[in-house]
Amino acid sequence: MNIAFIGIGQVGSALAGRLVALGHTVTIAARDRHSKSVQAALAKYPQLQIADPPEAIASAEVVFLATPFAANQTALAEAGNLSGKILVDCTNPVGSNLTHGLKSEQSGGEFVQNLVPDAKVVKAFTIYGFENFENNTYPGYGNLKPAMLIAGNDAAAKQVIANLCIAMDWEPVDTGNLATSLHLEHMTLLWIKMARVQGLGAGFVWARLQK
Ligand SMILES: NC(=O)c1ccc[n+]([C@@H]2O[C@H](COP(=O)([O-])OP(=O)(O)OC[C@H]3O[C@@H](n4cnc5c(N)ncnc54)[C@H](OP(=O)(O)O)[C@@H]3O)[C@@H](O)[C@H]2O)c1
């Protein structure tokens with residue numbers, strides 16, 4: 001599959017590295033080919049391709065958005081035509097003191113969808129730290145896989161992303177439409193508080209047990 005990344009920092013490079021190792025063609029949509037994050041990602045994963053954003057997006061079936069939330073508007077405006085593309089929103093609106101950056105009045109996922117109304121936005125790869133996107137192996141749990149909660153309005157787009165989750169050893173859990181992103185974004189705040197503020201560290205994830 002042709003996959004493009006807008007933003008190739010901690011989250012983008014972790015996911016891009018996994019996807020390129022699975023045999024996908026992964027292209028950095030680079031506004032600045034010489035930036036530190038682009039150069040670091042290319043050094044770590046030399047199989048990554050690089051192109052100007054509109055060119056990278058034009059040939060991609062799936063586009064990952066992994067920019068700081070405040071940069072989303074500019075980054076998407078420079079990305080070219082996202083019409084009909086699956087856009088995986090990995091971004092989190094995080095406000096001061098670990099509050100929701102949009103005051104919980106609207107999800108970040110819907111905010112992103114409003115910026116690109118013709119794209120098929122799927123919220124995914126948000127609820128844990130980037131360390132888990134790089135390595136989600138948790139030995140000793142048998143067949144139980146770490147859960148990746150996703151949300152989106154387009155069922156077919158969600159299935160494409162669910163399949164990518166499975167390939168990357170996650171159990172995808174479809175939580176509902178894009179408005180549900182709000183709850184995923186609150187889960188993110190909980191994870192950050194536990195892992196990074198209260199000192200549990202990044203090495204934990206959630207799993208689903210179901211009767
Ligand atoms: N860090 C985590 O553990 C984690 C986990 C889950 C979700 N998230 C969310 O994922 C997103 C990215 O986080 P991160 O930690 O990966 O950030 P990061 O390491 O700072 O990387 C941000 C990337 O976005 C690019 N960027 C910044 N402004 C841009 C713009 N206007 N247009 C295009 N690209 C731009 C940067 O490029 P340059 O280097 O060229 O500036 C860089 O490649 C955030 O929304 C964050 O909330 C983070």
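## A loop with Asp169

Asp169 sits in the loop that runs between helix H7 (155-167) and strand E8 (171-174). Helices and strands here are DSSP runs numbered from the N terminus, with at least four residues (H or I) for a helix and at least two (E) for a strand. Asp169 isn't a glycine, yet its phi is positive, at about 70°. It counts as partly exposed because 14 other C-beta atoms lie within 10 Å. The cut-offs work like this: a residue is buried with 20 or more other C-beta atoms within 10 Å of its own, exposed with 12 or fewer, and partly exposed in between, with C-beta atoms placed from the backbone.

Before going on, keep in mind that this is a predicted model, where local features need pLDDT of at least 70, side-chain atom pairs count only at pLDDT 80 or more, and totals for chains, interfaces and linings use all residues. Residue numbers start from 1 along each chain as its sequence is written.

## The whole protein

Step back and you'll find eight helices and eight strands in the protein. Its C-alpha trace spans about 45 × 40 × 35 Å along the principal axes.

Of the 211 residues, 42% are buried. Now look at contacts, meaning pairs of residues whose C-beta atoms, placed from the backbone, lie within 7 Å. Among contacts between residues at least 6 apart in sequence, 71% join residues at least 24 apart.

The expected span is 1.5 Å times one less than the number of residues. Buried residues in H1 include Val11, Gly12, Leu15 and Leu19. What do the buried residues of H1 pack against? The list is strand E1 (2-6), strand E2 (25-29), helix H2 (36-44), strand E4 (62-65) and helix H6 (130-134). After H1 comes Gly23, with a positive phi near 100°.

The axes of H1 and H2 come within 10 Å and cross at roughly 25°. Axes are lines fitted to C-alpha atoms, for helices over the stretch in contact, and angles run from 0 to 180 degrees between N-to-C directions. The two helices are therefore roughly parallel to each other; angles under 35 degrees get that label, while over 145 is roughly antiparallel, 65 to 115 roughly perpendicular and the rest oblique. Where they meet, Ser13, Ala16 and Gly17 in H1 face Ala40, Ala41 and Lys44 in H2 by contact.

Helix H8 has 17 residues, which should span 24 Å at 1.5 Å a residue, and its end C-alpha atoms agree at 23 Å apart. Its buried residues are Ser181, Leu182, Leu184, Glu185, Thr188 and Trp191. Helix H5 (108-115), strand E6 (120-123) and strand E7 (147-152) are among the elements covering them. Just after H8, Gly199 has a positive phi of about 90°.

Ile192 is also part of H8, which runs over residues 181-197. Is Ile192 buried or partly exposed? It is partly exposed, because it has 18 C-beta neighbours inside 10 Å. Setting aside residues up to four places away in sequence, Ile192 touches Leu98 and Val197. Ile192 and Phe204 are twelve residues apart in sequence, and their C-alpha atoms are 11 Å apart in space.

Ser104 is in the loop between strand E5 (86-89) and H5. This residue isn't a glycine either, but its phi is positive, at about 60°. With 14 C-beta neighbours inside 10 Å, Ser104 counts as partly exposed.

Asn136 lies in the loop between H6 and E7, and with 18 other C-beta atoms within 10 Å it is partly exposed. Which residues does Asn136 contact, leaving aside neighbours within four places in sequence? They are Pro146, Asp169, Trp170 and Val205, which brings us back to the Asp169 of the opening loop.

How values were computed. Two residues are in contact if their C-beta atoms, placed from the backbone, lie within 7 Å.
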